[in-house]
Amino acid sequence: MAYNDYDTKSEYDLIQDIAFYLRGQMRGKGVTQRWLAQETDISEASISCYLKGTKRMGLVAFNNICRALDIDPAELLGVYMVDGSMKGINRRDMKPFRWE
């Protein structure tokens with residue numbers, strides 16, 4: 001998807017930042033797209049598109065991916081919403097969320 005396919009530049013930036021963050025979390029945890037697809041019951045093709053930022057991720061898919069990777073979705077979005085970007089955030093400092 002090109003920037004023109006999104007409603008606003010901020011929507012495009014959000015999707016790209018989330019995709020970047022999720023890829024980093026996967027790398028850090030040593031998990032593959034195939035594993036994530038199996039854990040979330042989302043197709044590998046969709047996972048690939050989400051991680052490239054070429055497909056909008058629905059709330060259910062976002063929640064399922066965050067759960068599989070032990071990420072707090074509210075914290076991830078909250079960090080983004082504080083200043084409108086995650087570019088200044090050291091992503092390594094974000095602590096994984098553990099579902100109880």
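A crossing counts as left-handed if the near helix is turned anticlockwise from the far one by less than a right angle, and as right-handed if clockwise. The model is predicted, with pLDDT of at least 70 needed for local features and 80 or more for side-chain atom pairs, while totals for chains, interfaces and linings use all residues. Numbering runs from 1 along each chain as its sequence is written, and side-chain values use heavy atoms, without hydrogens and water.

**View 1. Helices H2 and H4 cross right-handed.** Helices are DSSP runs (H or I, at least four residues), numbered from the N terminus. The axes of H2 (residues 33-40) and H4 (residues 59-68) come within 9 Å and cross at roughly 115 degrees. H2 is therefore roughly perpendicular to H4 (65 to 115 degrees). Axes are lines fitted to C-alpha atoms over the stretch in contact, with angles from 0 to 180 degrees between N-to-C directions.

**View 2. Residues of H2 meet residues of H4.** Contact means heavy atoms within 4.5 Å. From H2 come Trp35, Leu36, Glu39 and Thr40; from H4, Asn64, Ile65 and Ala68. By class, this contact has four nonpolar, two polar and one charged residues.

**View 3. The largest pocket holds about 280 Å³ of space.** A pocket is an open set of points on a 1 Å grid where a 1.4 Å probe fits, with protein on both sides within 12 Å along at least five of seven lines; lining residues have an atom within 4 Å of a point. Of 13 lining residues, Leu14, Ile15, Ile18, Met57 and Phe62 are the closest to the centre. Helix H1 (9-29) and H4 each give two or more residues. The largest share, five residues, comes from H1.

Notes: Parallel < 35°, antiparallel > 145°, perpendicular 65-115°, else oblique. Nonpolar A, V, L, I, M, F, W, Y, C, P; charged D, E, K, R; others polar. Points joined across faces, edges and corners; volume = space filled by probe spheres on them.
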